Amino acid sequence: MVVSIASMWIWRILLAYVFAIHMDIGILGVWMAMGVDWLCRSICFYIRFFHGKWQNRPVLEPERENV
């Protein structure tokens with residue numbers, strides 16, 4: 001979740017502003033910023049998944065009812 005939020009603010013919103021307003025590309029610049037965001041987010045998730053560190057985290061067991 002942290003990667004998604006940070007990626008959206010850093011890439012999507014910042015680049016959309018730069019492309020659409022400063023570079024005067026308009027809505028096409030917003031779409032380009034979204035593409036850059038998806039690419040960077042995918043790279044971060046790819047690295048995290050294949051690093052394998054997530055596999056060592058404990059999983060919570062469901063609570064058992066006392067009968």
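Trp54 is partly exposed, at a relative accessible area of 35% (buried means under 20%, exposed over 50%, and partly exposed in between, with a 1.4 Å probe and protein chains only). Trp54 sits in the segment after α2 (helices are DSSP runs of H or I with at least four residues, strands are runs of E with at least two, and both are numbered from the N terminus). The model is predicted: local features need pLDDT of at least 70, side-chain atom pairs count only at pLDDT 80 or more, and totals for chains, interfaces and linings use all residues. Residues are numbered from 1 along each chain as its sequence is written, and side-chain values use heavy atoms, with hydrogens and water left out.

The overall form comes next. The protein chain has two helices and zero strands. Its C-alpha trace spans about 65 × 30 × 15 Å along the principal axes. The radius of gyration is 19 Å, whereas a compact globule of 67 residues would have one near 11 Å (the radius is taken over C-alpha atoms, and the globule rule is 2.2 Å times the number of residues to the power 0.38). Of the 67 residues in the protein chain, 21% are buried. The chain exposes about 6200 Å², and 68% of this area comes from carbon and sulfur atoms (areas come from the Shrake-Rupley method with a 1.4 Å probe; for residues, only the protein chains shown count as cover). Contacts were also sorted by sequence separation. Among those between residues at least 6 apart in sequence, 45% join residues at least 24 apart (a contact means heavy atoms within 4.5 Å).

The loop between the helices holds Gly26, with α1 covering residues 2-22. Gly26 counts as partly exposed because its relative accessibility is 27%. Leaving aside neighbours within four places in sequence, Gly26 is in contact with Phe19 and Ala20. Gly26 and Arg64 are 38 residues apart in sequence, and their C-alpha atoms are 56 Å apart in space.

Charged side chains were examined next. The search gave two salt bridges (a side-chain nitrogen of Lys or Arg within 4 Å of a carboxyl oxygen of Asp or Glu). One of them joins the side chains of Arg12 and Asp37, at 2.9 Å from N to O. This pair links distant parts of the chain: Arg12 lies in helix α1, Asp37 lies in helix α2, and 25 residues separate them. Asp37 also forms a salt bridge with Arg41, where the closest N and O atoms are 2.7 Å apart. Here both partners lie in helix α2, four residues apart, or about one turn of the helix.

Arg41 is buried because its value is 15%. Arg41 belongs to helix α2, which runs over residues 27-51. Not counting residues up to four places away in sequence, Arg41 touches Ser4, Ser7, Met8 and Arg12.

Aromatic rings were then compared. The whole structure contains two aromatic pairs (rings of Phe, Tyr and Trp, the last by its six-membered ring, pair if their centres lie within 6.5 Å; planes under 30 degrees apart are stacked, over 60 edge-to-face, and the rest tilted). Tyr46 and Phe50 are tilted, because their planes meet at 55°, with ring centres 4.7 Å apart. Both residues lie in helix α2, four residues apart, about one turn of the helix. Tyr46 counts as exposed at 54% relative accessibility. Phe50 is exposed too, with 56%. Phe50 also pairs with Phe49: this pair is edge-to-face, with 5.0 Å between centres and 90° between planes. Phe49 counts as partly exposed, because its relative accessibility is 45%. Tyr46, Phe49 and Phe50 form one aromatic cluster.

The cluster residues belong to a nonpolar surface patch, made of Leu39, Ile43, Tyr46, Ile47, Phe49, Phe50 and Trp54. Together these residues have about 780 Å² of accessible area (patch residues have over 30% relative accessible area and no salt bridge; like charges are joined within 9 Å, and nonpolar side chains, Val, Leu, Ile, Met, Phe, Trp and Tyr, within 5 Å).
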